[in-house]
Amino acid sequence: MKNRVFQMAIPLFIAALMAAILSPLSAVSLSKGSFKDNFDIMFSESNFKTSEDGQIWYLSLDKTSGCGFQTKQKYRFGWFSMKLKLVGGDSAGVVTAYYMCTDIDASPTRDELDFEFLGNRTGEPYLIQTNVYKNGTGGREMRHVLWFDPTLDYHTYSVLWNDHQIVFFVDRVPVRVYKNNGKPNDFFPNEKPMYLFSSIWNADDWATRGGLEKTDWKKAPFVSAYKDFSVDGCQWEDPYPACVSTTTKNWWDQNPSWHLSDSQKKDYAWVKRNLVIYDYCEDAERYPTPMEECALSPWD
């Protein structure tokens, strides 16, 4: 499986490289501020470190605690991006989460968009899990393998969020497309602003082979690294920011961003054929009646 994925990744890598060069998305400016300019630490400050220039951030997990951070600001719609290098070696049981959420305390009515990176035994590929919550209801997991080793170098993980679709990107390649139906519904989060978070934590009760593989604490600390946080979105100000009613003035909420481009459709088709290992919309045992959003086409 691992060799097959890496061999098939060559044309996708070329396509992603060209997209990064030619796409209007590449015009997004990167935040060059220090960690303190953009984020607050959520817990276990002793497990957080930065490079001397403040541009690379390290979260570590040991047997006593993980660590996490969150943006100082909330946003409603936009483009959100970060480069991550995941825990190397034996990372079974370890989850690195990179996500957006409406609530600091994960309330039972929260909206949430998740990237979760599920560690594995040495030599086995990482799994990437995405999920979407609306008013506290999730259960919309998809899992993918990646076409590269995410522990060897930094790779870019991004979310495009507007009122028409949510797209999860890995190195500018769309790996998941989650559409809205243009009507009031219980599945598409589009009303509440969200913070952006990241954390590392122990989840060996479920993360690796359903909890069969436990965290090997002799390998601790487990460290994930971050840099180049980028956001181009509608920053929230109570009670309502001016940009709420003018988001279509921004590229991320204009017609070309309401659908995949032709080149993105080709990449997404490749991902669907080769990298998806679980899709809740296709799990008839779990959902005998598919969720409403499963009837929406990602190609429209």
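Colleague: Which residue in β13 does Q70 stand opposite?
Modeller: This is a predicted model, in which local features require pLDDT of at least 70 and side-chain atom pairs count only at pLDDT 80 or more, whereas totals for chains, interfaces and linings use all residues. Residues are numbered from 1 along each chain as its sequence is written, and side-chain values use heavy atoms, with hydrogens and water left out. Strand β4 is joined by four bridges to strand β13 (residues 195-202), the two running antiparallel; strands (E, at least two residues) and helices (H or I, at least four residues) are DSSP runs numbered from the N terminus, and two strands pair if DSSP finds at least two bridges between them. Within β13, the residue opposite Q70 is F197.

Colleague: Which residue of β4 stands opposite F39?
Modeller: Strand β1 (residues 39-43) is antiparallel to β4, and four bridges join them. The residue of β4 that stands opposite F39 is T71.

Colleague: Is strand β4 largely enclosed or open, and how many of its residues are buried?
Modeller: Burial is judged by relative accessible area with a 1.4 Å probe on protein chains only: buried is under 20%, exposed is over 50%, and partly exposed lies in between. On one side of β4, C67, F69 and T71 are buried, and on the other G68 and Q70 are buried, which leaves both faces covered. C67 has a relative accessible area of 0%. Strand β4 (residues 67-71) is largely enclosed by the rest of the structure, because the number of its five residues that are buried is five.

Colleague: With which side chain does the side chain of E112 make a polar contact?
Modeller: E112 lies in strand β7 (residues 112-118) and is buried, with a relative accessible area of 9%. Its contacts (heavy atoms within 4.5 Å), not counting residues up to four places away in sequence, are Y99, M100, C101, N131, V132, Y133 and M194; of these, C101 is itself buried at 2%. A polar contact is a pair of N or O atoms within 3.5 Å; within protein, one must be able to donate a hydrogen and the other to accept it, and residues adjacent in sequence count only if both atoms are side-chain atoms. The side chain of E112 makes such a contact, at 2.7 Å, with the side chain of R110.

Colleague: What is the relative accessible area of E116?
Modeller: E116 also lies in strand β7. Residues up to four places away in sequence aside, E116 touches V95, T96, A97, L127, I128, Q129, W201 and W206. E116 counts as buried, with a relative accessible area of 12%.

Colleague: Is the disulfide of C234 and C243 right-handed or left-handed?
Modeller: A disulfide is a pair of cysteine sulfur atoms within 2.5 Å, and a search of the whole structure finds two. One joins C234 to C243 with an S to S distance of 1.9 Å, and C234 is buried at 1% relative accessible area. The torsion about the S-S bond is about 85°, so this disulfide is right-handed.

Colleague: What is the handedness of the disulfide of C281 and C294?
Modeller: C281 and C294 are joined with an S to S distance of 2.0 Å. C281, at 28% relative accessibility, is partly exposed, as is C294 at 23%. The torsion about their S-S bond is about -80°, so the disulfide is left-handed.

Colleague: What angle does the direction of helix α3 make with that of β12?
Modeller: An open sheet of seven strands has the order β2-β3-β14-β5-β10-β11-β12, with antiparallel pairing; its edge strands, each paired on one side only, are β2 (48-50) and β12 (173-179). The twist averages 20° from one strand to the next; axes are lines fitted to C-alpha atoms, for helices over the stretch in contact, and angles run from 0 to 180 degrees between N-to-C directions. Helix α3 (residues 262-274) packs on the sheet, touching β11 (165-170) and β12, and its direction makes with that of β12 an angle of about 90°.

Colleague: Which residue in β10 is the bridge partner of M82?
Modeller: Strand β5 (residues 75-85) pairs with strand β10 (residues 155-161) in the antiparallel sense, over seven bridges. In β10, the bridge partner of M82 is Y157.
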